[in-house]
Amino acid sequence: MKMAAPVPTYPELDFRSGARMEELNRLIAEFSRHHQREYDDQRALEIHTAKDFIFSVLGMVQKLDQKLPVANEYLLLSGGVREGVVDMDIDELNVYARGTDYDMDFTLLVPTLKLHDRNQPVTLDMRQSVLGHSWLSLRLFDEGTINRWKDCCTSVEHISGTTNYFFSPTLVADWFYESISMVLGDIQKRPQRGMPRVDKLEKNDTIISVILGVGSSRMLYDIVPVVSFRGWPAVAQSWLMENHFWDGKITEEEVISGFYLVPACSFRGQKENEWRLSFARSEVQLKKCLSSSLMQAYQACKAIIIKLLSRPKAISPYHLRSMMLWSCDRLPASYLSQEDFSAHFLLGLIDDLLYCLINKTCPNYFIPQCNMLEHLSEDMAMLHARKLSSVRSDPAEHLRTAIEHVKAANQLTLDLQRQTSVSNLPSPQSDLTDQQPDDRLAKKLQQLVTENPGKSISVFINPDDVTRPHFRIDDKFF
């Protein structure tokens, strides 16, 4: 009786590219190792100093004309707008590069109107907008609010003789930039030891971008004026009726605690009147339910497409994030939680993105009937699909390129830190050794940042007493 020939064993391969899954997993892990940022005590204190400075500036902006809420609640997210942490168009944003221009980036959502009182009637006028967008009428607001914000509104006269004021995202952004510029100008006239350097202040469309230098650290803050709501919008109500990957892991109350209007319009909307619904607060909660291997694959995929599809910008990292959330609803949690499946997840995300481009469809996760790629032309979709197909044919090579880019950015940061420590030239704006604001607050912030690496901090702060903020630690979202 003949013995059966032993069946040869092969390493697991990707059918399309022939890449070994084991090698792709290794490259993704290497990228994640270089992409993650470890904070020592000095860096943690520099992060605190920059945050405290930004919050103080916003407190002074409130005092200029009393437009901002007296006691405000900001949402601070790790990662800039260009990283896709909020659903905003990045076509018109200036290009900043990590390592060259900054070392760490954050997005700060600042409520201009805080509508947290459930008895406050609100008029979201969606009749003139595509799904996921709205005008905001101040018609039902009190006279004081209307008078404060009248210069940041467009007006419509009715036959009855009454005037309806619509809160304008572009006019609000103009006012916000001018106010921040005025405050920073006054501060810089009276520099104090330990005060951060303002390396850059720019208005990018409706976003105010500030790059601060503290010691050897450079931090980019994308500050976004928003309208903050408690509760959940009716247009997204049907989404709650479906089954989701986060069911049983976090409560519905955590997911639907609030939403925002961000200053971004649709492809055919009126830019001066239209806002976009944002669920950034909910997304922070959903991130808690994502596996580390899926997040590593997402970060690597995002780094690849940001470089590859940067010109022209037809899709953004937010589209990729939406597809990842949909994949979590589609696939079993036991599959997505496997630690050695990062390569499978990366290839799957590329396949999903290719599908979206070819079919020109990418549903918003919270408003599925809203297609975020509806405006994309056939030529543009095919151009990006062809670029992405090159990644799918050789994912290992594109991962190696992403690794080289992040290593180069890290090296630029290290070189700058060495130059700063070697020069050691104290100046009124950069000498931290003499800075002694509130030592207890500094230690508290240092402890929070050190114990919560890579997490976002929501801050409740009274601008009349900026030394007494209250912190809520949320997981970093992408």
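Predicted model: local features only at pLDDT ≥ 70, side-chain atom pairs only at ≥ 80, totals over all residues.
Close-up 1. Tyrosine 365 sits in the loop that runs between helix H10 (342–359) and helix H11 (378–393). Setting aside neighbours within four places in sequence, tyrosine 365 is in contact with Trp239, His244, Phe245, Trp246, Leu286, Leu325, Trp326 and Asp329. With aspartate 329, there's a side-chain to side-chain polar contact at 3.0 Å. Arginine 321 is 44 residues away along the chain, and its C-alpha lies 9.2 Å from that of tyrosine 365.

**Close-up 2. Arginine 26 and glutamate 30 pair up in a salt bridge, with 3.4 Å between the closest N and O atoms.** Both belong to helix H1 (residues 21–35), and because they're four residues apart, about one helical turn separates them. Arginine 26 is partly exposed at 42% relative accessibility, while glutamate 30 is buried at 16%. The pair is part of a salt-bridge network that also takes in Glu23, Glu397 and Arg400.

**Close-up 3. Lysine 67 and aspartate 151 form a salt bridge, their closest N and O atoms 3.2 Å apart.** Lysine 67 comes from the loop between helix H2 (41–65) and strand E1 (72–78), and aspartate 151 from the loop between helix H3 (143–149) and strand E5 (153–157), so this pair ties together parts 84 residues apart in sequence. Lysine 67 is buried at 7% relative accessibility, whereas aspartate 151 is exposed at 53%.

**Close-up 4. Lysine 407 meets glutamate 404 in a salt bridge (3.9 Å, N to O).** They're three residues apart in helix H12 (residues 395–423), so about one helical turn lies between them. Lysine 407 is partly exposed at 33%, and glutamate 404 is partly exposed at 46%.

Methods: Residues numbered from 1 in each chain as written. Heavy atoms only, no water. Helix = DSSP H or I, 4+ residues; strand = E, 2+ residues; numbered from the N terminus. Contact = heavy atoms within 4.5 Å. Polar contact = N/O pair within 3.5 Å; in protein donor to acceptor, adjacent residues only side chain to side chain. Salt bridge = Lys/Arg side-chain N within 4 Å of Asp/Glu carboxyl O. Buried < 20%, exposed > 50% of the residue type's maximum accessible area, 1.4 Å probe, protein only.
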